[in-house]
Amino acid sequence: MTENPERSPSPEFSPLAFDEGLTPLPEYKAAGDTALDFSGLLNEPVKLHEDLKSGCGGQLWPAGMVLAKHMLRYHRDALQHARILELGAGGGIVGLTVAKGCSLSSPLYLTDQLEMEELMHHNIKLNNLEDRVKATILNWGEPLPQEIVDYKPDTILAADCVYFEPAFPLLLQTLQDLLDLCPSATIYFCFKKRRRADMQFMKTAKKTFQVTEIEDADRAVFSRESLFLYTFSRKR
Ligand SMILES: C[S@@+](CC[C@H](N)C(=O)[O-])C[C@H]1O[C@@H](n2cnc3c(N)ncnc32)[C@H](O)[C@@H]1O
């Protein structure tokens, strides 16, 4: 893979890229379509095309599943008038589930790197959500796109975005930029601890943001898989 020095680093989906492994990464999957209704929480299932050809975001990751279900179960009504943006959306599991299950009054943004743009558009179309969901490029650590600055998201979704150490400061910068843009915003953050360095990310996050571990009826189940669910907000 050739690196573009202008761009923020992008991780490789390779078990070799992860040392000190605590828990394994998802297995490589063949490309295909999946339909999920989150134990009946969605009347009509959300459809996801998974394809790893453009990068690791091309398949469903465990934190995405946890966050999508959490948002449906606990925030469906409150999200109706929210301005929602998903970071590191990959195929868009969390954002598309929210758009499918909530009657949103504003468009929802899926964001990721250029490599994932095609898959985000594909999955928006697969769910007939073209009028309610937009896909845009947002590279962590870079200035927020003007479209996002104008939109001022107040609800940020981020699932399984902590897995590649060189990107940690970039992600923290983007989270900070989003809270500067909308100081009352809430970031819903779900991650899976795979390496000791992941806890370093959380340590820095706790210094920078108000970090709250949030309740979920499935917590006992997902915490056994080293999955954590938090909100980040501006420090008081
Ligand atoms: C592990 S995947 C998670 C995908 C999805 N959120 C889920 O839970 O299934 C992480 C995503 O972060 C994106 N990503 C990694 N580095 C990034 C960066 N510097 N800027 C923006 N997105 C990035 C990847 O392209 C990938 O889609």
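The structure is a predicted model, in which local features need pLDDT of at least 70, side-chain atom pairs count only at pLDDT 80 or more, and totals for chains, interfaces and linings use all residues. Residues are numbered from 1 along each chain as its sequence is written, and side-chain values use heavy atoms, with hydrogens and water left out.

The chain contains 7 helices and 9 strands; helices (H or I, at least four residues) and strands (E, at least two) are DSSP runs, numbered from the N terminus. Of its 236 residues, 53% are buried, where buried means under 20% relative accessible area, exposed over 50% and partly exposed in between (1.4 Å probe, protein chains only). The chain exposes about 11,200 Å², and 50% of this area is supplied by carbon and sulfur atoms. Accessible areas come from the Shrake-Rupley method with a 1.4 Å probe; for residues, only the protein chains shown count as cover. Among contacts (heavy atoms within 4.5 Å) between residues at least 6 apart in sequence, 74% join residues at least 24 apart.

In soluble globular proteins, nonpolar side chains tend to be buried together. A nonpolar core is here a set of buried Ala, Val, Leu, Ile, Met, Phe, Trp, Tyr and Cys residues joined through side-chain atoms within 4.5 Å. The largest such core has 38 residues, of which Leu67 and Val98 touch the most other members. Helix α1 (residues 62–75) contributes the largest share of this core, 6 residues. Leaving aside neighbours within four places in sequence, Val98 is in contact with Met71, Leu79, Ile84, Leu104, Leu108 and Leu157. A second, separate core of 37 residues includes Trp61, Leu179, Ala197 and Phe232.

Strand β7 (residues 186–192) has 6 of its 7 residues buried, so it is largely enclosed by the rest of the structure. Strand β6 (residues 155–159) runs parallel to β7 and is joined to it by 5 bridges; two strands pair if DSSP finds at least two bridges between them. In this pair, Ala159 stands opposite Cys190. The chain passes from β6 through helix α5 (residues 168–181) to β7 in a right-handed β-α-β crossover, meaning that, with the strands pointing away from the viewer, the path from the first strand over the helix to the second runs clockwise.

Strand β9 (residues 227–234) is antiparallel to β7, with 6 bridges between them, and Phe232 of β9 stands opposite Ile187. Thr231 also lies in β9 and is buried, with a relative accessible area of 12%. Beyond neighbours within four places in sequence, Thr231 is in contact with Thr186, Ile187, Tyr188, Gln210, Val211, Thr212 and Ile214.
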